[in-house]
Amino acid sequence: MSRSIACIDYRDGKIFIAKRAQKGDMGGKWEFPGGKIEDGEDFETAIKREMLEEFGVDVKVHEKITEGTFFHKGKKCSLFVFFTEFSEDGIKKPFVLTEHTEYKWVEPEEINKLDFVDSDLSIFPEVLKSIKK
């Protein structure tokens with residue numbers, strides 16, 4: 001089974017999201033940043049690697065929010081969702097994008113109005129519960 005991580009950086013009432021490049025099945029859709037966990041990686045190592053590769057940013061990994069499963073091309077996948085904290089906000093000094101075309105900080109209510117990947121939408125109710133604590 002494939003294992004992936006999703007990162008939730010929530011600050012000042014907003015969540016960080018990114019728009020995938022126009023390639024692959026989910027191209028052009030918004031998502032919580034993350035990616036696949038490689039063989040031999042723990043969650044923290046995978047998160048730090050993915051955020052450095054995709055945005056050029058260091059990140060602190062906080063508690064796990066939830067986990068879920070989804071199917072991609074008929075294959076069952078696990079998704080592990082963590083609170084994270086980027087070392088920068090990408091506003092003063094823009095992030096270097098390698099897998100995305102844009103990013104922004106949005107209020108939680110905006111998520112359901114955007115063209116978001118299904119796997120992230122499936123765990124979003126748990127994310128909302130966690131940020132409203």
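## A buried aromatic pair

F16 and W105 are both buried, a word used here for a relative accessible area under 20%, with exposed meaning over 50% and partly exposed the range in between (1.4 Å probe, protein chains only). The model is predicted, and local features need pLDDT of at least 70, side-chain atom pairs count only at pLDDT 80 or more, and totals for chains, interfaces and linings use all residues. Residues are numbered from 1 along each chain as its sequence is written, and side-chain values use heavy atoms, with hydrogens and water left out.

The structure holds 13 aromatic pairs, where rings of Phe, Tyr and Trp (its six-membered ring) pair if their centres lie within 6.5 Å, with planes under 30 degrees apart counted as stacked, over 60 as edge-to-face and the rest as tilted. F16 and W105 form one of these pairs, an edge-to-face one with 5.2 Å from centre to centre and 65° between the planes. Because F16 lies in strand β3 (residues 14-20) and W105 in strand β8 (residues 100-106), the pair ties together parts that are 89 residues apart in sequence; helices (H or I, at least four residues) and strands (E, at least two) are DSSP runs, numbered from the N terminus. Ring pairs also link F16 and W105 with F55, F86, F95 and Y103 into a cluster.

## Strand β7 and its partners

Strand β7 (residues 75-86) is mostly covered, with nine of its 12 residues buried. Strand β1 (residues 2-8) runs parallel to β7 and is joined to it by seven bridges, and A6 has V81 as its bridge partner in β7; two strands are said to pair if DSSP finds at least two bridges between them.

Strand β6 (residues 59-72) pairs with β7 in the antiparallel sense over 11 bridges, and the partner of V61 in β7 is T84. The hairpin of β6 and β7 has two residues between the strands, and in it K73 takes a positive phi near 55°.

## D9, a buried loop residue

D9 lies in the loop between β1 and β2 (10-11), and at 2% relative accessibility D9 counts as buried. A polar atom of the D9 side chain lies 2.7 Å from the backbone nitrogen of F86.

Leaving aside residues up to four places away in sequence, D9 touches K14, I15, F16, T84, E85, F86 and W105, where contact means heavy atoms within 4.5 Å.

In soluble globular proteins, nonpolar side chains tend to be buried together. A nonpolar core is here a set of buried Ala, Val, Leu, Ile, Met, Phe, Trp, Tyr and Cys residues joined through side-chain atoms within 4.5 Å. The largest has 19 residues, of which I8, I15, I17, F32, V81, I111 and V127 touch the most other members. At least two residues of this core come from each of β1, β3, β6, β7 and α2 (118-131).

I111 touches I17, F32, V106, F116, L121 and F124, not counting residues up to four places away in sequence. A second, separate core of 17 residues includes A46, F82, F86 and F95.

## Cysteines without disulfides

The structure holds zero disulfides, a disulfide being a pair of cysteine sulfur atoms within 2.5 Å. C7 is in no disulfide, and the nearest cysteine sulfur, that of C77, is 17 Å away. C7 is buried, with a relative accessible area of 1%, and C77 is buried too, at 6%.

How values were computed:
A polar contact is a pair of N or O atoms within 3.5 Å; within protein, one must be able to donate a hydrogen and the other to accept it, and residues adjacent in sequence count only if both atoms are side-chain atoms.
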